[in-house]
Amino acid sequence: MTIFEALKNRRAVRNYTTQSVEREKIERLLEAATFAPNDRMREPWHFYVLQGQALANYETLAHDYLVERFPTKPNLVESSLKVVQTTPVVIVVTSDIVEGDADATKDNVFAVSTAIMSMWLVAEELGLGFVWRTRGVGLVHDPAMHQFIQAPANQQVVGTIFLGYPAEEKETEKKRTSYTEKTTWLS
Ligand SMILES: Cc1cc2nc3c(=O)[nH]c(=O)nc-3n(C[C@H](O)[C@H](O)[C@H](O)COP(=O)(O)O)c2cc1C
């Protein structure tokens, strides 16, 4: 598979089988992330791998968040929670905050984003289903996640990765707007 093919074939995969993900494969993703480009070699990422009891605790966190957010929508709470209950591994990814330097802090988030993309491509190579979540049970924009993983104050949560073996054939090519409509050539 060429890099171009991998980029084109990669999909967000949200449904997984009950098969657990081998530790070596998780480590392969984590190692891939560390090769990502990053300004001044700050290597601003940290990974919190949730399995076993930690994953069960995350389910409780997600439940409490959903019930509070959607008190009149029990079906939505149930379906969102099912997503967590059926995910074999969750990896919460953080980016370092550089005190007093908003630009460097932003650059760190850019770097961590490239690291997550590296993980996503390697997941594709290993036959794993992967999705980067921020909204809803991803809890990226809610301080509860930061507290849950007990991250230090100088780390901000950037992504919650859901990982497992795909339960179904992944979507084929997803329609994209041509780069010609997204590019301005300046000369
Ligand atoms: C920063 C970011 C946040 C995302 N958050 C969510 C999310 O909260 N829930 C979700 O189901 N998918 C989420 N996704 C996955 C996108 O929905 C998905 O990448 C998009 O639909 C394109 O589909 P594809 O990845 O299969 O090409 C996120 C992706 C990115 C890059």
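Where does S80 lie? I found S80 in helix 4, residues 74–85. Helices here are DSSP runs of H or I with at least four residues, strands are runs of E with at least two, and both are numbered from the N terminus.

**Ground rules**

I noted that this is a predicted model, where local features need pLDDT of at least 70, side-chain atom pairs count only at pLDDT 80 or more, and totals for chains, interfaces and linings use all residues. Residues are numbered from 1 along each chain as its sequence is written, and side-chain values use heavy atoms, with hydrogens and water left out.

**Entry: S80**

I looked up the cover first. S80 is buried, at a relative accessible area of 16%. Buried means under 20% relative accessible area, exposed means over 50%, and partly exposed is in between, with a 1.4 Å probe and protein chains only. Then I looked at the side chain. One of its polar atoms is 2.8 Å from the backbone oxygen of L76. Setting aside neighbours within four places in sequence, I listed L66 and V137 as contacts of S80. Contact means heavy atoms within 4.5 Å.

**Entry: the ligand**

Which residues surround the ligand? I wrote down R10, R11, A12, R14, W120, V131, W132, R133, T134, R135, K174 and R176. A residue is near a molecule if one of its heavy atoms lies within 4 Å of it. I sorted this shell by class and got 4 nonpolar, 1 polar and 7 charged residues. For the classes, Ala, Val, Leu, Ile, Met, Phe, Trp, Tyr, Cys and Pro are nonpolar, Asp, Glu, Lys and Arg are charged, and the others, Gly among them, are polar. Strand 3, residues 129–133, gives the largest share of the shell, with 3 residues.

The side chain of R10 has an N or O atom 2.8 Å from a ligand oxygen. For the side chain of R14, the distance from an N or O atom to a ligand oxygen is 2.7 Å. T134 takes part through its backbone, with an N or O atom 3.0 Å from an oxygen of the ligand. I also looked up the cover: on its own the ligand has 620 Å² of accessible area, and the protein covers 73% of that. Such areas come from the Shrake-Rupley method with a 1.4 Å probe; for residues, only the protein chains shown count as cover.

**Entry: the cores**

Which members of the largest nonpolar core touch the most other members? I found F47, I91, M119 and F130, out of 26 residues. A nonpolar core is a set of buried Ala, Val, Leu, Ile, Met, Phe, Trp, Tyr and Cys residues joined through side-chain atoms within 4.5 Å. Elements giving two or more residues to this core include helix 2 (23–33), strand 1 (45–50) and strand 2 (89–96). Helix 5 gives the largest share, 8 residues. I then followed F47. Beyond four places in sequence, F47 is in contact with L30, A33, I91, V92, V93 and M119. I also noted a second, separate core of 24 residues, with Y48, Y58, V77 and L81 among them.

**Entry: Y48**

I placed Y48 in strand 1. Y48 is buried, at 15% relative accessible area. Its side chain makes a polar contact with the side chain of Q155 at 2.5 Å. A polar contact is a pair of N or O atoms within 3.5 Å; within protein, one must be able to donate a hydrogen and the other to accept it, and residues adjacent in sequence count only if both atoms are side-chain atoms.

**Entry: T160**

Is T160 buried or exposed? T160 is buried, at 0% relative accessibility. I found this residue in strand 4. The T160 side chain reaches the backbone oxygen of G138 at 2.6 Å. Residues that T160 touches, leaving out those up to four places away, include Y58, V131 and M145.

**Entry: two positive phi values**

Most residues other than glycine have a negative phi. I looked for exceptions. E43 is not a glycine, yet has a positive phi of about 40 degrees. E43 sits in the loop between helix 2 and strand 1, and is partly exposed at 39%. L139, also not a glycine, has a positive phi of about 55 degrees. I found L139 in the loop between strand 3 and helix 6. L139 counts as buried because its relative accessibility is 1%.
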